[in-house]
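Hi,

Here is the structure I said I would pass on. Have a look at it first, and then read my notes below.

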Amino acid sequence: MIEKIKLITRDSFNKLILPIYNPAFFIPVKGKGSRIWDQKGKEYIDFSGGIAVTSLGHCHPVLNKVLSQQSKKLWHISNIFTNEPALRLADKLISSSFASRVFFANSGAEANEAAFKLARYFSSKKYSLKKNKIISFYNSFHGRTFFTVSVGGQAKYSDFFGPKPPAIMHAKFNEIDSVRNIIDNNTCAVVMELIQGEGGIIPAEISFVREVRELCYKYNALLIFDEIQTGIGRTGKLYSYEHYEVQPDILTIAKSLGGGFPISAMLTTDKIASIIQPGIHGTTYGGNPLACSVAESVIDIINTKKILLGVEKKLKKIIFELNIINKRFNFFTEIRGKGLLIGIVLRSELSEKIYDILNSLFLEGVIVLTAGKNVIRLAPSLIISKGDIVEGMKRFYRALEKCL
């Protein structure tokens, strides 16, 4: 019989939770804005944004108010019905994008799962059952369901789970000839992140995206943009595809959409929606009134000139501070990404010390992420204050001083 846990500590995780994660040594218990406090009252500057999720920081007062109000009205109603928050949110997403239809789910993986299923269903119905090949890119990441993890271009996440779904191929990111070599009339979709997140914060080149779009037109393949991490203001536009002036056929968003409340969406066109029949896909919690109420407020706040233009200003301040630190420690070779999805590429000889650096940053009270083997990733709140940036970078300096 398992002894009842009387005191919750980091060690409790080792006894209670399936070890598919290895959490940090401290447990956050409170957050406000871009600051977090742990069980012992230690304060941290949060440059991680919950992995690009808490787009408006922790416990934003407007989101708190909206969630409280909706919690007194309707929590859950099932997909036998629709609800007002879901319809209002759908209208705002459609009004601000290329899309004319929306499907709500709970996570990025679920939105991508729906997108990939829809692409195959559409192509099978409209063209041929053989038109089912999906092309993705090496080092991409699209979720943890078996379908999405197989479409993702990192075999370490999909190996040892049995036979993988067939008709999935991978090309080299930003190399158009690699796509040309495998796309054909049996391709139903090409899926790409406009910035490869887990692959190391690598932006897609404008010419590459546009040429992929033309290839999709040529072969009647759907173009799917996975904006789970880049959507809803993260790059300084509401949707990252706006930087490229290329419209997808299907778009997936999550993370920043709920500001911390689980919600995702798949956006598409009337043309693709026209083949949908009730019952071909579903979700229990998708379009939940609580989630949609919060997400509607997130859109209202972020989709303004003040917030979107502010993303670029905050990026410049962060880069300015990082360059000052780099003059002292020479710890990175480049900064890449777009907006407030930032990749700090470590010098090659420091790659093996990346987790030592991460731990040292935690000890100094600043929270960052990794991306790949040699990249420190920052994805802070879109409204992080100048004061928090400066204080966070002071702690960053002290951490490097101790570990380097």
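How many bridges join strand β7 to strand β10, and do the two run parallel or antiparallel? There are five bridges, and the strands, residues 187-193 for β7 and residues 222-227 for β10, run parallel. Along this pair, Met 192 stands opposite Phe 225 in β10. Please keep in mind that this is a predicted model.

**The sheet around that pair**

β7 and β10 belong to an open sheet of seven strands with mixed pairing, and the order is β4-β12-β11-β10-β7-β5-β6. The edges are taken by β4 (101-105) and β6 (168-171); each has a single partner strand, so one side of each is left without a neighbour in the sheet. From one strand to the next, the twist averages 20°. Helix α4 (residues 84-95) packs on this sheet, where it touches β4, β11 (250-253) and β12 (264-268). The direction of α4 makes about 125° with that of β4.

**The whole chain**

Stepping back, the chain has 13 helices and 17 strands. Its C-alpha trace spans about 60 × 55 × 55 Å along the principal axes. Buried residues account for 53% of the 404. If you take contacts between residues at least 6 apart in sequence, 70% of them join residues at least 24 apart. The accessible surface is about 19,300 Å², and carbon and sulfur atoms contribute 55% of that.

Where they touch, domain 1 puts in 26 residues and domain 2 puts in 24 residues.

**A hairpin and its other partner**

Next, have a look at strands β2 (residues 35-38) and β3 (residues 43-46), which pair in the antiparallel sense over three bridges. Trp 37 has Glu 43 in β3 as its bridge partner. The two strands form a hairpin with four residues between them, and Gly 41 in the turn has a positive phi of about 90°. β3 also pairs with strand β15 (residues 366-367): two bridges join them, and they run parallel. There, Asp 46 stands opposite Ile 367 in β15.

Most residues other than glycine have a negative phi. Which way does phi go at Asn 139, positive or negative? Asn 139 has a positive phi of about 70°, although it is not a glycine. You will find Asn 139 in the loop between β5 (133-137) and α6 (146-151).

Asn 220 is another one: its phi is near 55°, a positive value in a residue other than glycine. Asn 220 is in the loop between α8 (206-218) and β10, which brings us back to the strand we started with. At 40% relative accessibility, Asn 220 counts as partly exposed too.

Cheers

Technical notes. Residues numbered from 1 in each chain as written. Predicted model: local features only at pLDDT ≥ 70, side-chain atom pairs only at ≥ 80, totals over all residues. Heavy atoms only, no water. Pairing = 2+ DSSP bridges. Axes fitted to C-alpha atoms, helices over the stretch in contact; angles between N-to-C directions. Contact = heavy atoms within 4.5 Å. Buried < 20%, exposed > 50% of the residue type's maximum accessible area, 1.4 Å probe, protein only. Areas by Shrake-Rupley, 256 points an atom, 1.4 Å probe, with all protein chains shown as cover.
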